[in-house]
Amino acid sequence: MAIKPGLGRKTSNKNPPILSHEFVIQNHADIISCVAMVFVVGLMNESTAAFASAFISLHHNVSGEDPSREQPYGKAYTYIAGIKDYCAIFFYTLTCIIMHAIIQEFVLDKISKKLHLSKFKLARFNESGQLVAFYLLSFVWGAHVLLKEGYLGQVAQLWEGFPDHPMSFLHKFYFVVQLAYYLHMLPELYFQKIKTKEEQQPKIVHSISGFTLIVLAYTLSFQRLALVLLTLHYFSELLSHVFQLIGVFDREERLAKLRVVNNGVFFLIRFATSVIGVLTLYYGIGGVRSLLALGGLIALQGYLVFSFITEQLRAKREAKKEAKREAKLALQTKKPAKTPKDKVKRKKESDLPEADQSSPSPIKQKLK
């Protein structure tokens, strides 16, 4: 019985053996969908509902009431961080892998097939396409929570009442999805067949560092500050990867003005992050824990600025080398074009007898 190709990979004429590496890679989205459905179906059975809800629902609520006669609309639930959140992070990590495969197959692959991109541009297009989808969702989601909770209008809420900062449903679910997304990057290395160390290392560092920083902010009750800083950071990253996608289709010369905008936004976000961090952690909260967090935040901003400048200089050097190489190849392959006069002259000479045709002078032959 032939296995039909599922989501998350390219189709091939040969069907790989069941449970082989190629089979798992080609059908990983379908396999993980079946695993996720086990938890969803578990909610329908009374005996397994409590176990399944630990992976799907949010827990550790500290306030809130269901609708009743006295309160027809009930009271909104608020939550804190807890150990059961990691069960939800596991389930939504599976969801992120499925969504990654859906975006890849039904959006990015269909666009790339029409563009006929080179291997390098195709890799950049797929990576930036996935990150643009994540950064856009995270920025819109984070901005919505900021406006709904009033953190932008009343900045003092970032430190008032610390560490007693309960989260609304959307606020907590935002962090669960963030942690799940960074965690899903690790199995994606296997599913995307990324084997070289040069390609694996930046993705692993991105995944582990993002997961670790968000976990620390989430468990140490810095959720409000982290929400503001992540929303700012994702706006900068969204802009950067949108320009990278434009660079895949357009020429580099036309991206000069866009890169100036990107560079300005990047440094502005880094400055705003540092100011908000100092205002909240040093003047607002204070204490040893907040000062350590402030030191880590400033060090992180310095590292991001250093990495950004280093990357820009490296890109300029590579662009100059590429321009020199293309110019050298153009000179080697360029041949002098024949003018119409030369063609007429050669035609006239060919019509003459062999003795009357022009021949090189003896003096030139001796010189040669």
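This report covers the model's confidence, fold, annotated spans, surface patch and salt bridges.

## Model and confidence

This is a predicted model, in which local features need pLDDT of at least 70, side-chain atom pairs count only at pLDDT 80 or more, and totals for chains, interfaces and linings use all residues. Residues are numbered from 1 along each chain as its sequence is written, and side-chain values use heavy atoms, with hydrogens and water left out.

The mean pLDDT (the predictor's confidence in each residue, from 0 to 100) of the protein chain is 85. A value of 70 or more is reached by 85% of its residues. Over residues 362–368 the pLDDT is below 50. Beyond near neighbours in sequence, that stretch has one contact (heavy atoms within 4.5 Å) in the model.

## Fold

The protein chain has 12 helices and two strands. Helices (H or I, at least four residues) and strands (E, at least two) are DSSP runs, numbered from the N terminus. The order of elements is α-α-α-β-β-α-α-α-α-α-α-α-α-α. Of the contacts with a separation of 6 or more, 66% join residues 24 or more positions apart.

Buried residues make up 33% of the 368 residues. Buried means under 20% relative accessible area, exposed over 50%, and partly exposed in between (1.4 Å probe, protein chains only). The accessible surface (Shrake-Rupley method, 1.4 Å probe; for residues, only the protein chains shown count as cover) comes to about 24000 Å². Carbon and sulfur atoms hold 65% of that surface.

S53 lies in helix 3 (residues 49–56). S53 is buried, at 17% relative accessible area. Leaving aside residues up to four places away in sequence, S53 touches L43 and H59.

## Annotated spans

An unreviewed UniProt entry places the feature "transmembrane region" at residues 89–108, 129–147, 204–221, 227–249, 261–285 and 291–310. UniProt positions follow the numbering used here, feature names are shortened, and annotations may be inferred rather than shown by experiment.

Residues 89–108 are 100% helix and 0% strand, with end C-alpha atoms 26 Å apart. Residues 227–249 are also 100% helix and 0% strand. Their end C-alpha atoms lie 33 Å apart.

## Nonpolar patch

F106, V107, I111, L115 and F249 form a nonpolar surface patch of about 420 Å² accessible area together. Patches take residues with over 30% relative accessible area and no salt bridge; like charges are joined within 9 Å, nonpolar side chains (Val, Leu, Ile, Met, Phe, Trp, Tyr) within 5 Å. Helix 4 (residues 85–115) gives the largest share, four residues. V107 sits in helix 4 and is partly exposed, at 40% relative accessibility.

## Salt bridges

The structure holds four salt bridges. Each is a side-chain nitrogen of Lys or Arg within 4 Å of a carboxyl oxygen of Asp or Glu.

K172 and D85 meet at 2.8 Å, N to O. The pair links helix 6 and helix 4, 87 residues apart. K172 is buried at 0% relative accessible area, and D85 is buried at 2%.

K193 and E22 meet at 3.0 Å. K193 lies in the loop between helix 6 and helix 7 (197–219), E22 in helix 1 (residues 21–26), 171 residues apart. K193 is partly exposed at 42%, as is E22 at 30%.

K203 and E127 meet at 3.7 Å. K203 is in helix 7 and E127 in helix 5 (residues 119–149), so the pair ties together parts 76 residues apart in sequence. K203 is partly exposed at 26%, and E127 is partly exposed at 39%.
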